[in-house]
Amino acid sequence: MVRNEILTLLAGQRGEFVSGETISQRLNITRAAIWKQIQALKEAGYEIEAMTKNGYRLLATPLSLDEWAVQNHLSTDRLGRKIYLYGELPSTNEQAKDLAKKGEEHGTVVISRRQTAGHGRMQRLWESPHGGLWMSVILKPQLSLADASKITLATSVAVVDAVREMLGLNVGIKWPNDIVYEGKKLVGILAEVVGEWTTVQTMIVGIGVNANIRREDLSPELAATSLREILEREFDLNLLAAQILNQLEQEVTGLEKGQFAFLRERWLERAVGIGKESVVQQGNKKYEGIFRGISADGQLVLQIGEENFSFSAGEVRLRARNGAYY
Ligand code: BT5
C-alpha cells in the first residue's frame, strides 16, 4: 500500500524532512499523488509537516487505531504481520473465524473500532463502544487440545504484562478470563476453537480492552472500568495492541515448547483472590472454600475443608465470598 510505504519512508527519517522528489522516485508516484496521500494521512490522525522547500516530516502518529501504526511497534515474527482493521463489525471473533476457515494464516489479526454484537462466554453480550481495543488473533499453535485450553492463561499473562509495562498499572488476573483493576473488570478474553481440533488445529483468541472509552459509555450496572477512566487521559491504542501481540507471541511460543510450569508460576503471581474465601458456582450448585489457584493442568483449585477440588473453566463462576470481585 502506497500510504504505508510513505509512512515507512518518513518514519525511517525519525522526524527529519524527506523531499517530495525522494518519495516520488522511491515509490514511483507523482508529486500530486503524494500530496493526496499526505492529506489522507493527516485526516487519519498523523501529524505531518509539509514545507515546499524541504518536503514532508512525520511529527506524530495517531492515538486511534491504524494498521501501520500497530505494525510499527511490533517485534513479532508472525503475530500481527497481517492486520484487518474495520470501522465496525458484529464481532472480531466471528470475523476471524470466517477468515480462518478461508485459510488465513497463524498470527493474522482482526481489529474493529466498534462491535455491534461482541460476545463473551456462552454468548453473553460484550459491550464494545468506540475507543476500545476489540481484537482477535488467529492462532494455529503446535499444541494438543488439552494444552490449547491453556491459551487463555497465556493471553491473560500477556495482557497483564503489556498493560503493566506500558501504563504502569497494577492490574491482575481474575480466573478464568478477566483482567481487573481494583475489583473492576477492564479486559475480557475469549478463546474459541475453530472446527475439529484434530484436523484444523485453529483457535481464535479474542481480547476486549476497555481502553479509551468513558465509563459512561458502558452500562452502569457492570462492575467495569476503563483505562481512560483510571488514567484520566487517552493513550496510544496502537502501542497497546502491539505490546499485547509482542507478549502473546512469546507466551504461545513458550507453551509450544512445553513450558507450562513457568506460565503457571507467572499466572499465579498475577492472579487476584488466591488464598481468599471464595464461592464457585457450577450450574445450580455452590461450593464455598478457599481459592488456591490453578492446578498443573490449568484447572481452578478450591480448598473445601482439608481437601482440594478442581473445576474446569467452561462450567463454573468464581466469586469472592462477599462480592462479585476481589
Ligand atoms: C468475557 O466473557 O469476558 C470475554 C469477552 C471477550 C470480548 C472480546 S472483544 C474482541 C472479541 N470479539 C468478541 O466478540 N469477543 C471478543 P464473559 O466472561 O462471559 O463475560 C461477559 C460479561 O462481562 C457480560 O455478561 C457482562 O456482565 C460483562 N461485560 C460486558 N461488556 C463489558 C465490558 N465492556 N466491560 C466489562 N464488563 C463487560
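View 1. An oxygen atom of the ligand has a polar side-chain atom of N177 at a distance of 3.3 Å. This and all the following views show a predicted model. In one, a backbone N or O atom of H119 is 2.8 Å from a nitrogen atom of the ligand. In the other, a polar backbone atom of E127 lies 2.9 Å from a nitrogen atom of the ligand. The protein buries 91% of the 800 Å² that the ligand exposes when taken alone.

**View 2. The shell around the ligand.** The ligand is surrounded by 27 residues, and the closest of them are S91, H119, R121, K185 and N210. By class, the shell holds 13 polar, nine nonpolar and five charged residues. At least two residues of this shell come from each of the helix α5 (92-101) and the strands β5 (133-139), β8 (184-194) and β9 (202-209). Which element gives the most to the shell around the ligand? That element is β8, with four residues.

**View 3. The largest pocket.** The ligand takes up the space of the largest pocket. This pocket holds about 720 Å³ of space. Its lining consists of 38 residues, and R124, L125, W126, D178 and K185 are the closest to the pocket centre. K185 is also among the closest residues to the ligand. The elements α5, β5, β8, β9 and β14 (316-320) each contribute at least two residues to the lining. Sorted by class, the lining of the largest pocket comprises 17 nonpolar, 13 polar and eight charged residues.

**View 4. The second largest pocket.** The volume of the second largest pocket is about 590 Å³. Among the 26 residues that line this pocket, S149, T152, A191, A313 and G314 are the closest to its centre. Helices α6 (145-148) and α7 (151-167), together with strand β8, each supply at least two lining residues. Strand β8 provides the largest share, five residues. β8 also supplies at least two residues to the lining of the largest pocket. The lining of the second largest pocket is made up of 12 nonpolar, 10 polar and four charged residues.

**View 5. A cis peptide bond between W175 and P176.** The peptide bond that joins W175 and P176 is cis, with an omega of about -5 degrees. Where is P176 found? P176 belongs to the loop between β6 (172-174) and β7 (178-181).

**View 6. The backbone at E182.** E182 is not a glycine, yet its phi is positive, at about 45 degrees. The residue is part of the loop between β7 and β8.

How values were computed. Residues numbered from 1 in each chain as written. Predicted model: local features only at pLDDT ≥ 70, side-chain atom pairs only at ≥ 80, totals over all residues. Heavy atoms only, no water. Near = heavy atom within 4 Å. Polar contact = N/O pair within 3.5 Å; in protein donor to acceptor, adjacent residues only side chain to side chain. Areas by Shrake-Rupley, 256 points an atom, 1.4 Å probe, with all protein chains shown as cover. 1 Å grid on protein atoms, 1.4 Å probe; cavity = no way out; pocket = protein on both sides within 12 Å on 5 of 7 lines; lining within 4 Å. Sits in = over half its atoms within 2 Å of the grid points. Nonpolar A, V, L, I, M, F, W, Y, C, P; charged D, E, K, R; others polar. Points joined across faces, edges and corners; volume = space filled by probe spheres on them.
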